[in-house]
Amino acid sequence: MSLTRPTWVALIALVWTSMLSFGGVAAETVMLYPNIFADPPASLERAREFVVAGGPSDYFPPLGAGVVLSSVAALLLTWRHPRLRWWTAAAAVTFFACEFVFSAVFFWPRNEIMFVDPLGTHSAAELRQVAAEFVAGHWVRVAGGAVTAVLAFTALLRWARTAPPARAGAER
């Protein structure tokens with residue numbers, strides 16, 4: 001069986017999920033963050049009241065799993081193609097480092113302080129400091145998402161240029 005069609009599917013899924021993830025982070029940056037981080041602690045309190053029925057924590061974890069799964073599939077399917085292997089590997093590593101590891105180490109503790117700990121647990125000065133750190137660190141996530149999407153798209157373009165042509169009826 002030819003691996004051409006599964007490779008197409010995996011690469012398209014990787015591009016699609018990584019662009020959705022980057023788009024979500026970009027949208028958060030311009031629509032939510034100016035409101036959430038405008039005037040801590042008051043703006044953090046308003047954010048807690050607003051983001052009740054759904055929020056980033058409902059969107060990004062399943063999407064992140066999709067990026068991870070599609071990057072693993074794309075990496076396995078492109079491994080025999082050195083011109084593609086490093087693009088898919090770089091996309092997977094960038095996403096894992098910037099979106100998962102960095103989030104777990106840097107953002108999760110700050111999310112706890114700003115949005116989970118009971119109100120009044122932390123001083124206004126501490127909340128302002130944590131919010132400023134969060135916003136500054138967020139640019140790592142924005143850059144990582146952009147780089148992941150570009151690397152994935154580059155892999156797809158390279159595959160499109162080098163994939164063997166499909167034969168009529170060969171891959172049904």
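Analyst: Here's a walk through the pocket, then the rings and helices that go with it. Keep in mind that this is a predicted model.

Let's start with the space itself. The largest pocket has a volume of about 950 Å³, and 34 residues line it. Closest to its centre are Pro56, Ser57, Phe60, Pro61 and Asn111. If you sort the lining by class, you get 21 nonpolar, seven polar and six charged residues.

Which helices does the lining come from? At least two residues each are supplied by α1 (4-36), α2 (42-50), α3 (56-78), α4 (82-116) and α5 (124-162). The biggest share is from α4, which gives 11 residues.

Now back to Phe60, one of the residues closest to the pocket centre. Phe60 pairs edge-to-face with Tyr59, with 4.8 Å centre to centre and 85 degrees between the planes. Tyr59 itself is partly exposed, at a relative accessible area of 36%. That pair is one of 12 aromatic pairs in the whole structure.

Elsewhere, ring pairs tie Tyr33, Phe37, Phe102, Phe106, Phe107 and Phe134 into a cluster. Two of those rings also have an arginine over them: Arg110 lies over the face of Phe106, 3.8 Å from the ring centre, while the charged end of Arg141 sits over Phe107, 3.8 Å from its centre.

Finally, an unreviewed UniProt entry places "transmembrane region" at residues 59-79, 86-108 and 138-157. In the model, residues 59-79 are 95% helix, with end C-alpha atoms 30 Å apart. Residues 138-157 are 100% helix, and their end C-alpha atoms lie 29 Å apart.

Technical notes. Residues are numbered from 1 along each chain as its sequence is written. This is a predicted model: local features need pLDDT of at least 70, side-chain atom pairs count only at pLDDT 80 or more; totals for chains, interfaces and linings use all residues. Side-chain values use heavy atoms; hydrogens and water are left out. Rings of Phe, Tyr and Trp (its six-membered ring) pair if their centres lie within 6.5 Å; planes under 30 degrees apart count as stacked, over 60 as edge-to-face and the rest as tilted. Buried means under 20% relative accessible area, exposed over 50%, partly exposed in between (1.4 Å probe, protein chains only). A charge sits over a ring if NZ of Lys or CZ of Arg is within 6 Å of the ring centre and within 35 degrees of the ring normal. UniProt positions are given in the numbering used here, feature names are shortened, and annotations may be inferred rather than shown by experiment. Helices (H or I, at least four residues) and strands (E, at least two) are DSSP runs, numbered from the N terminus. On a 1 Å grid over the protein atoms alone, a cavity is a set of points where a 1.4 Å probe fits but cannot get out, and a pocket is an open set with protein on both sides within 12 Å along at least five of seven lines; lining residues have an atom within 4 Å of a point. Grid points are joined across faces, edges and corners, and a volume is the space filled by probe spheres set on the points. Ala, Val, Leu, Ile, Met, Phe, Trp, Tyr, Cys and Pro count as nonpolar, Asp, Glu, Lys and Arg as charged, and the others, Gly among them, as polar.
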